[in-house]
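Please open the structure in your viewer and keep the selection tool at hand.

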Amino acid sequence: MKTLVLKNIVKNSSSNEQGMILFDSLQDAYLSKHPLILYVDSDLSMSSSFLNTSIGQFLDKYGLDSFKQTVKFKGSKNQFLRLLDYVNKYSSLYQV
C-alpha cells in the first residue's frame with residue numbers, strides 16, 4: 001500500500017485548485033485498484049473548499065464504499081477526527 005504524504009503533493013490545503021491535485025491522486029489510486037494511505041501532518045489545516053474539491057468530489061463520483069476501499073488515513077487524532085467528521089457529514093447530507 002502506497003503512502004501519500006499530503007504536504008508533499010499540494011502547496012497548501014486551502015484552495016479548490018490544490019484540492020483537485022488530491023482528487024486526481026485519489027482517483028488514480030481507485031482506478032488502478034491500488035489503495036493508499038493518506039498521511040496528513042498535524043499542523044496542516046484543510047479548508048472546506050479543499051475538502052469539497054478533493055474528498056467531496058471523490059465521494060460524489062465513486063461513493064463512500066469506494067472511498068473506504070481506496071483510502072486509509074494516517075496522522076494525528078485531531079486530523080483523523082476532522083476528516084471523519086467531514087466524511088460523516090458529507091455522507092449524511094448527500095447520501096453517497
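In this tour, two residues are in contact when heavy atoms of theirs lie within 4.5 Å. The model is a predicted one, in which local features need pLDDT of at least 70 and side-chain atom pairs count only at pLDDT 80 or more, while totals for chains, interfaces and linings use all residues. Residues are numbered from 1 along each chain as its sequence is written, and side-chain values use heavy atoms, with hydrogens and water left out.

Begin by selecting Gln18, which sits in helix H2 (residues 16-31); helices (H or I, at least four residues) and strands (E, at least two) are DSSP runs, numbered from the N terminus. Is Gln18 buried or exposed? Its relative accessibility is 4%, so Gln18 counts as buried, where buried means under 20% relative accessible area, exposed over 50%, and partly exposed in between, with a 1.4 Å probe and protein chains only. If neighbours within four places in sequence are set aside, the contacts of Gln18 are Val10, Lys11, Asn12 and Phe50.

Select Lys11 from that list next, and you will find it in the loop between H1 and H2. Lys11 is exposed, with a relative accessible area of 77%. From the C-alpha atom of Lys11 to that of Ile21, ten residues away along the chain, the separation is 9.8 Å.

Now show the strands, where S1, S2 and S3 form an open sheet in that order with parallel pairing; two strands pair if DSSP finds at least two bridges between them. Strand S1 (2-5) and strand S3 (71-75) are the edge strands, each pairing on one side only. Neighbouring strands of this sheet are turned by 30° against each other on average, with direction ignored. Between S1 and S2, which run parallel, there are four bridges, and Lys2 stands opposite Leu36 in S2. Helix H2 packs on this sheet and touches S1, S2 and S3, its direction making about 155° with that of S2; axes here are lines fitted to C-alpha atoms, for helices over the stretch in contact, and angles run from 0 to 180 degrees between N-to-C directions.

Turn next to helix H3, which has 15 residues and reaches 19 Å from its first C-alpha to its last, close to the 21 Å expected at 1.5 Å a residue, the expected span being 1.5 Å times one less than the number of residues. At Gly56, H3 bends by about 35°, a bend being the angle between axes fitted to the seven residues ending there and the seven starting there. Buried residues of H3 include Phe50, Ile55, Gly56, Phe58 and Tyr62. After H3 comes Gly63, whose phi is positive, near 90°.

How many salt bridges does a search of the whole structure find? The search finds two, a salt bridge being a side-chain nitrogen of Lys or Arg within 4 Å of a carboxyl oxygen of Asp or Glu. Select Lys7 and Asp41, whose closest N and O atoms are 3.1 Å apart. Lys7 lies in helix H1 (residues 6-9) and Asp41 in the loop between strand S2 (36-40) and helix H3 (48-62), so this pair ties together parts that are 34 residues apart in sequence. Asp41 counts as buried, at 13% relative accessibility.

Finally, select Lys89 and Asp85, whose side chains meet in a salt bridge at 3.3 Å, N to O. Because they are four residues apart in helix H5 (residues 77-94), Lys89 and Asp85 are separated by about one helical turn. Lys89 is partly exposed, with a relative accessible area of 49%, and Asp85 is partly exposed, with 36%.
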